[in-house]
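I opened the model to look up its sheet, its loops and a few backbone angles. My notes follow.

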Amino acid sequence: MRIVLLGPPGAGKGTQAARLAEQWGIPAISTGDIFRANVKGETPLGLKAKSYMDAGELVPDEVTNAMVRDRLAQDDVAPGFLLDGYPRNPEQAVELDGMMKDLRIELDAAVEITADFDVVTERLLGRAAEQGRADDTEDVIRRRLEVYAESTAPLTAYYEGSGHLVRVDGIGAVPEVTDRIVAAVESR
Ligand code: AMP
C-alpha cells in the first residue's frame, strides 16, 4: 500500500497515519516529525528548517524533496508507506511522481481527510496546550492554514486529475475515521 495523506493541519493526519501504519504493516513517514527531530538534534537539516517551521511557512522544496528521496530509498519502505505531510504543493507532487517512477513503484491513493477550518483551529489550539509544539500558537496556526489553502489545497485537484483522490470525512471518533479510510482505500 502506497498512500499520500492530504488535509489541513489538525485534520488528524498524524493520528490516522499511525493507526493505518499499524493496520497495514507499513511505515508512516511524517516530514513534520523528521524536521522536528532534526531541529531538536540541531542537525544541519534542522538548522535549515527551523525558521520556516517557526513561522508556519513551508521549508524550501529542494531541502524537503531531498529528505523524502532519501527516506523512500530505505529498505523498510519496500512493502509500502504512508506519507503524512508530503507533498505539500504541486511542485512536490511532481517531484514525488518522479521519485516513484525512479523506484518503479506506483501510488495507490491520495486520501484527503476533510475537516473545516473552525474545527481544525480549535484542535490545534488544544494540541498547543497539551504538547507545547512551537508552531501551535494562534498566529502561526493562522499562517499554516493560509499556506494550506494557498499551496496544499490545490493538490486535491492534482490527484483528482490523476485518478488517485479519495475523500474521507475527518469529523468523528478516531477509530471511525480509520475505518472510513480503510474501507474507502480497500474498495478501490
Ligand atoms: P506538520 O507536522 O506536517 O504540520 O509540519 C510542520 C512544519 O514542518 C510545517 O509547517 C512546515 O514548516 C514543515 N513541513 C512539513 N512537511 C513539509 C513539506 N512537505 N514541505 C515543506 N515544509 C514542510
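I took helices (H or I, at least four residues) and strands (E, at least two) as DSSP runs, numbered from the N terminus. This is a predicted model, so I kept its limits in view: local features need pLDDT of at least 70, side-chain atom pairs count only at pLDDT 80 or more, and totals for chains, interfaces and linings use all residues. Residues are numbered from 1 along each chain as its sequence is written, and side-chain values use heavy atoms, with hydrogens and water left out.

**Entry: a cis bond**

I looked up Pro87 and found it in the loop between strand 3 and helix 5 (90-102). The peptide bond joining Tyr86 to Pro87 is cis. I noted an omega of about -5° there.

**Entry: the sheet**

I then checked pairing, where two strands pair if DSSP finds at least two bridges between them. Five strands make an open sheet, in the order 2-3-1-4-5. Their pairing is parallel. At the edges I found strand 2 (28-30) and strand 5 (165-169), each of which pairs on one side only. From one strand to the next, the twist averages 25°; axes here are lines fitted to C-alpha atoms, for helices over the stretch in contact, and angles run from 0 to 180 degrees between N-to-C directions.

Helix 9 (residues 174-186) packs on this sheet. I see it touching strand 1, strand 4 (109-114) and strand 5, with contact meaning heavy atoms within 4.5 Å. The direction of helix 9 makes about 155° with that of strand 5.

**Entry: strand 1**

What does strand 1 pair with? I find four bridges to strand 3 (residues 81-84), running parallel to strand 1 (residues 2-6).

Next came accessibility: buried means under 20% relative accessible area, exposed over 50%, partly exposed in between (1.4 Å probe, protein chains only). Five of the five residues of strand 1 are buried, so the strand is largely enclosed by the rest of the structure. Arg2, Val4 and Leu6 point one way from strand 1, while Ile3 and Leu5 point the other way.

**Entry: positive phi**

I looked up two residues other than glycine with positive phi. Glu42 has phi near 50°. I place Glu42 in the loop between helix 2 (31-40) and helix 3 (44-55). Glu42 is exposed, at 62% relative accessible area.

Arg104 has phi near 55°. Arg104 sits in the loop between helix 5 and strand 4. With 75% relative accessibility, Arg104 also counts as exposed.
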